[in-house]
There are 2 protein chains.
Amino acid sequence: MIKKLINKPGEEVREMLEGLTLAFPDIVRLDPQWNNIYRTSKKPNWKVALVTGGGSGHEPAHAGYVGYGMLDAAVAGAVFTSPTIPQVLAAIKEVATEPGVLVIIKNYTGDVMNFNAAIKMATASGIKVQSVVVNDDVAIAEKSNRRGTSITVFVHKIAGAAAEEGMSLDEVKRVAQKVIDNGRDYGVALTPCSVPAAGEYTFQLGQDEIELGIGIHGEKGVQRTKWMPSAQLAKIMIDKMVDDLKLNKGDEVALMVQGTGGTPYMEKLVFYRDARKYAESLGLKIYTSWVGEFMTSLEMQGGRIALLKLDDELKRLVMAPANTVAIKLPGAITS
Amino acid sequence: MIKKLINKPGEEVREMLEGLTLAFPDIVRLDPQWNNIYRTSKKPNWKVALVTGGGSGHEPAHAGYVGYGMLDAAVAGAVFTSPTIPQVLAAIKEVATEPGVLVIIKNYTGDVMNFNAAIKMATASGIKVQSVVVNDDVAIAEKSNRRGTSITVFVHKIAGAAAEEGMSLDEVKRVAQKVIDNGRDYGVALTPCSVPAAGEYTFQLGQDEIELGIGIHGEKGVQRTKWMPSAQLAKIMIDKMVDDLKLNKGDEVALMVQGTGGTPYMEKLVFYRDARKYAESLGLKIYTSWVGEFMTSLEMQGGRIALLKLDDELKRLVMAPANTVAIKLPGAITS
């Protein structure tokens, strides 16, 4: 057993969603049949609806991003486990509008399979659905095998703002794909994490070892190294992304620096400082910073850095109003 | 050595404050001579100024609460170490206004000594200063020995709103003392934490053991027990506070449920659910909920619950506008 502030393994997802909706009833509501989270506010029938989801354990993703300016529905699977087809289908049906539904899928085999099956059934029932697959994890060389990680949150934010502006389904999808094409993420683990039902750590690390290039499911990284200072880690991680995105001096970026779930505030801020200073030393312009927790791995200690190259359209949309549990930007319509 | 996302032990506080002010330059600025954090906005000369601080390692306390509606200055000592007298004096002098300065001190020997010495010197130099000492930690039986923990954050919020309303120094102090008299906190640790410069854990716990009644400096609690489910923990902790505050059915409270720094979002939400459900089963009315991280202990895993009994004045002030890094409530004047 690994100690956690939960009651019984297997009940943590439902109880967490109950906690979320008890704490923020003005923003989110729970469909208890499916563990789906929807906006509390009246369904915005006139705009494209955004649906996403995945296994739990990545909080505040995804339920924390449901609300004005971002998602219409988040589907919560068991910890690190794909949601089921009926669960996804129920979410699409619940929020579907005349302009259509964009489904945002992270690139994991189970997610892609179940979300696509649900999309097929929704389409057959007459709902207009399109989808994008996020594969932003730069640790994997082959692009088609890259996992979906932090950039998913920028897709929620930016495609959500596009939908709120009244863009068509094709346009919202185009913007979502632009975020995927221009965003990269890289993660480092100082410790593993533990799935409640498993009761053991996902891997073992020596006292001075870290894992570079981790996913978000407690997997080992692509490289095990000795601990190194935050600034050195930030350099390695940013170099990798800058190279892959072919970023140049003067490019404007959104910089996301986050803990992996068990990382204290102090370390997140030191890591952000180092990431920002190094990115600026390369001549990148930090247009906006997101610092905190956005796509985590249970109680893992470590960090992730994500870079999103911005153009004028993405700059407008990333700063647009939002009112969700995890992301608030001024100007949101809150009722 | 214990792995952390920092560079060199001893440099983490400065680098964290740099990260904070790089990320939120519109809200906070750093005085690099003293590691003091002040509001970026023009000094509000017409109102009582609020100064607080303490050892670092409790982030987002205290720098995260500097801004409109809360603090004017936060003084950051080394990790778990009192700020120095000159550091506190510099903060009081920097933000002092005609109506005066309220200094908020947590009840620890070093803090009380150094803050009081600085207050004496500030008073001698002609500044109007008063202070309150927060001693909300219900785990200690003798009230005068109780440590200052989470309720400090409600003091920042409520006294800060009182100052922003234009109350006099006496009135702001009265309100701050009312929060202290009506607030209690209780903490539980599932793991210890580690001070960077020490490089070792603050205590050792068995695989199935937890510490009840902890402080915020990685101290052992007042009682070691076997792990128990979140709902059972919440019951024990709330019973203790309800008894000490003599709360009755129908009383309105602010409920704060937080992780201790390394606790993932999922566990914080499950723990909040359980705390809220149990408090409601006793007939308490939850007027507002604060769920997240407010007064932490580095990377410790565990949780704290705080209850604040509200009257009409406290209800108005706790919901008043604020614009700080950690707490935002709508309506704040942000420039």
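Tutor: Let's start where the chains meet, keeping in mind that this is a predicted model. The contact draws on 56 residues of chain A and 56 residues of chain B.

Student: How much area do chain A and chain B bury between them?

Tutor: The size of an interface is often given as the accessible area lost when the parts come together. Here chain A and chain B bury about 4900 Å², with 65% of it on carbon and sulfur atoms. On chain A's side, Lys3(A), Leu5(A) and Met266(A) supply 19% of the area buried against chain B, more than any other three residues.

Student: And how many residue pairs are in polar contact between the two chains?

Tutor: The count is 22 residue pairs between chain A and chain B. Several elements of chain A each bring at least two residues to that side, including helix H1 (12-23) and helix H7 (265-281). H7(A) gives the most, with eleven residues. Sorted by class, the side of chain A that touches chain B has 28 nonpolar, 13 polar and 15 charged residues.

Student: How do I read a helix, say H7 of chain B?

Tutor: Check its length against what you'd expect. At 1.5 Å a residue, the 17 residues of H7(B) should span 24 Å, and its end C-alpha atoms are 24 Å apart, which agrees.

Student: What about salt bridges?

Tutor: Side chains of opposite charge can pair when their charged atoms come close. Over all chains the count comes to 54 salt bridges, and six are found across the interface of chain A and chain B. One of these pairs Glu18(A) with Arg273(B) (2.5 Å, N to O).

Student: Which parts of chain B does the pair of Arg316(B) and Glu165(B) tie together?

Tutor: Those two side chains meet in a salt bridge (2.8 Å, N to O). Arg316(B) lies in helix H8 and Glu165(B) in the loop between helix H4 and helix H5, so the pair ties together parts that are 151 residues apart in sequence.

Student: Is Glu313(B), in its own salt bridge, buried or exposed?

Tutor: Glu313(B) meets Arg174(B) at 2.8 Å, N to O. This pair links helix H8 to helix H5 of chain B, 139 residues apart. Glu313(B) is buried, with a relative accessible area of 15%, while Arg174(B) is partly exposed at 35%.

Technical notes: Residues are numbered from 1 along each chain as its sequence is written. Chains are lettered from A and ligands numbered from 1 in the order in which they are written. This is a predicted model: local features need pLDDT of at least 70, side-chain atom pairs count only at pLDDT 80 or more; totals for chains, interfaces and linings use all residues. Side-chain values use heavy atoms; hydrogens and water are left out. Contact means heavy atoms within 4.5 Å. Buried area is the accessible area (1.4 Å probe) that two parts lose on being put together, summed over both. A salt bridge is a side-chain nitrogen of Lys or Arg within 4 Å of a carboxyl oxygen of Asp or Glu. A polar contact is a pair of N or O atoms within 3.5 Å; within protein, one must be able to donate a hydrogen and the other to accept it, and residues adjacent in sequence count only if both atoms are side-chain atoms. Helices (H or I, at least four residues) and strands (E, at least two) are DSSP runs, numbered from the N terminus. Ala, Val, Leu, Ile, Met, Phe, Trp, Tyr, Cys and Pro count as nonpolar, Asp, Glu, Lys and Arg as charged, and the others, Gly among them, as polar. The expected span of a helix is 1.5 Å times one less than its number of residues. Buried means under 20% relative accessible area, exposed over 50%, partly exposed in between (1.4 Å probe, protein chains only).
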